[in-house]
Structure formats: C-alpha cells, structure tokens
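These are notes for a colleague who is opening this structure for the first time. The points can be read in order beside the model.

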Amino acid sequence: MAATDPGAQAFWDARFGNSECLVFGEAPNLFLSQQAHLLPPGSDVLAVADGEGRNGVWLAEQGHRVTATDISPVGQAKARALAAKRGVTLDFVIADLDEWDWPEADYDAVVAIFIQFFGPDARARMFQGMKRAVRPGGLILLQGYRNEQLSYGTGGPGAVENLYTEALLRELFADWQIEHLAVHDSALAEGPAHNGMSALIDLVARRPANG
C-alpha cells in the first residue's frame with residue numbers, strides 16, 4: 001500500500017460512504033465504452049482513481065487484465081463487491097497518486113476518467129506517472145471537465161485550476177500522438193454525482209512505439 005494523504009482519504013471515504021448507491025453509477029463511462037475497441041484483446045489496463053469500480057469492472061468483463069487504484073478503502077470495498085457481483089477479478093491497489101511509485105511501462109493502456117482532484121503541480125506529476133506506466137505504442141484514454149463546467153454545476157471540482165483545456169492537454173501530450181481530442185457539451189447520467197449537461201473534453205493519446 002502506498003502512502004496516502006489522510007485528509008484526501010477521509011474525504012473520499014465519506015463521498016463513497018453511502019451504502020445505498022454507487023456515487024457515479026454502476027455503468028461504465030460512455031466515452032470509455034466507445035473507445036474501448038482500441039484496446040487489444042486481453043490488454044493490461046490501469047484504471048486510475050477508479051473509485052467504486054464501474055470502469056475497471058467493466059473493462060475486466062471485456063476480458064482485460066485490470067489494475068484499479070484508488071485512495072479510498074471504502075470505495076474499493078464497493079468496487080470489490082461490484083466485481084464479485086459481476087464475476088470478474090481485478091488487482092486493487094490503495095494509493096495516493098501523488099505518492100505512488102508509478103510502474104514503468106507495465107500497461108497497454110491507462111484509463112483516467114474524471115481524475116480532477118489535483119491542482120496544477122500535482123496534476124503534472126500524476127500525468128508524468130501515467131505516461132511512464134504505458135508501454136511504447138500503448139494508450140491513455142481520458143475524459144474530464146473543461147473550465148466551462150463551473151457554469152453548469154452538474155459535477156466535478158469547484159476549482160477552475162483543476163479543470164482541463166484543450167491547450168493544456170495538447171501541451172501535456174505534445175510528445176505523444178494525439179489520436180482523438182474532442183471538446184463537447186453533453187448530458188451525463190452517471191449516478192447522482194455526474195448528472196446533467198456537462199462541459200467535457202475527451203482524449204486518446206498514444207505513446208510513440210520508440211518512446
């Protein structure tokens with residue numbers, strides 16, 4: 001188990017503490033399900049900050065070998081229950097992503113869905129770790145909120161510095177091949193926490209085969 005920030009862990013434990021529901025729903029993120037065809041069969045996939053498991057469990061159902069990280073033991077207990085319900089197995093890791101010893105080129109893909117809990121400095125370190133974890137030729141699949149999400153108020157952080165812009169993602173992945181980068185306003189229905197019209201940005205980026 002990696003070192004964790006007690007305050008952050010307590011926040012997410014409380015967020016996931018409702019035993020009556022999954023905060024972000026049980027179904028996988030729509031963008032992820034639409035892009036998952038890009039993953040070779042039986043891929044090794046790292047689901048970053050996967051919370052209660054909706055995305056990691058779905059990826060395991062597709063036949064991938066999934067490692068799911070989260071800072072919250074409460075969230076991961078719910079993810080384990082969801083995996084058992086669906087009859088799949090994942091490797092669960094409790095980790096604060098600003099302290100985690102990111103693996104080197106262990107994964108065919110890293111999945112990062114709404115991981116906007118860090119400010120700019122920690123976010124830059126996290127993105128470098130995510131990039132390091134991907135094998136040459138592998139992918140990062142990412143969806144997040146844009147700055148305009150603050151006016152919708154239908155989910156996500158309240159701090160504008162935690163949100164994404166197209167320019168930010170192009171800069172962060174300037175050394176990778178950006179295969180898909182889309183800015184759109186779309187309605188989300190992902191449990192009580194992500195519900196309603198939302199300002200979104202989607203990214204598919206590939207690590208150079210010789211990188």
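**Notes on the model**

1. Ala79 is a buried residue, with a relative accessible area of 1%. This is a predicted model, and the value is computed from it. Ala79 lies in helix H4, which covers residues 73–86. Leaving out residues up to four places away in sequence, Ala79 touches Gly51, Glu52, Gly53, Val57 and Phe92.

2. Ser198 is 119 residues from Ala79 along the chain. The C-alpha atoms of Ala79 and Ser198 are separated by 25 Å.

3. One of the residues that Ala79 touches is Glu52. Is Glu52 buried or exposed? Glu52 has a relative accessible area of 4%, and it counts as buried because the cut-off for buried is under 20%. Its place is in the loop between S1 and H3.

4. Most residues other than glycine have a negative phi. With a relative accessible area of 22%, Ala49 is partly exposed.

5. A positive phi is also found at Ala105, about 55°, and Ala105 is not a glycine either. The residue belongs to the loop between strand S3 (91–94) and strand S4 (107–113). Ala105 is partly exposed, at a relative accessible area of 22%.

6. Leu30 is in helix H2, residues 30–35. Leu30 counts as exposed because its relative accessibility is 55% and the cut-off for exposed is over 50%. Leu30 and Glu190 are 160 residues apart in sequence, while their C-alpha atoms are 9.1 Å apart in space.

7. Turning to the whole chain, how many helices and strands does it have? There are seven helices and seven strands. From the N terminus on, the order of the elements is α-α-β-α-β-α-β-β-α-β-α-α-β-β. The radius of gyration is 16 Å, close to the 17 Å that the globule rule gives for 211 residues, so the chain is as compact as a globular protein of that length.

8. The C-alpha trace spans about 45 × 40 × 30 Å along its principal axes. Of the 211 residues, 53% count as buried. Among contacts with a separation of 6 or more, 71% are between residues 24 or more positions apart.

9. The accessible surface of the protein chain comes to about 9,100 Å², and 51% of it belongs to carbon and sulfur atoms. The chain carries 16 positive and 27 negative side chains. The centres of these two sets lie 4 Å apart.

10. As for annotation, an unreviewed UniProt entry lists residues 45–138 as "domain: Methyltransferase". Over residues 45–138 the chain is 38% helix and 27% strand.

Key. Residues numbered from 1 in each chain as written. Predicted model: local features only at pLDDT ≥ 70, side-chain atom pairs only at ≥ 80, totals over all residues. Heavy atoms only, no water. UniProt positions renumbered as here; feature names shortened; annotations may be inferred. Helix = DSSP H or I, 4+ residues; strand = E, 2+ residues; numbered from the N terminus. Rg over C-alpha atoms; globule rule 2.2 N^0.38 Å. Buried < 20%, exposed > 50% of the residue type's maximum accessible area, 1.4 Å probe, protein only. Contact = heavy atoms within 4.5 Å. Areas by Shrake-Rupley, 256 points an atom, 1.4 Å probe, with all protein chains shown as cover. Lys, Arg positive; Asp, Glu negative; His and termini not counted. Charge placed at Lys NZ, Arg CZ, Asp CG, Glu CD.
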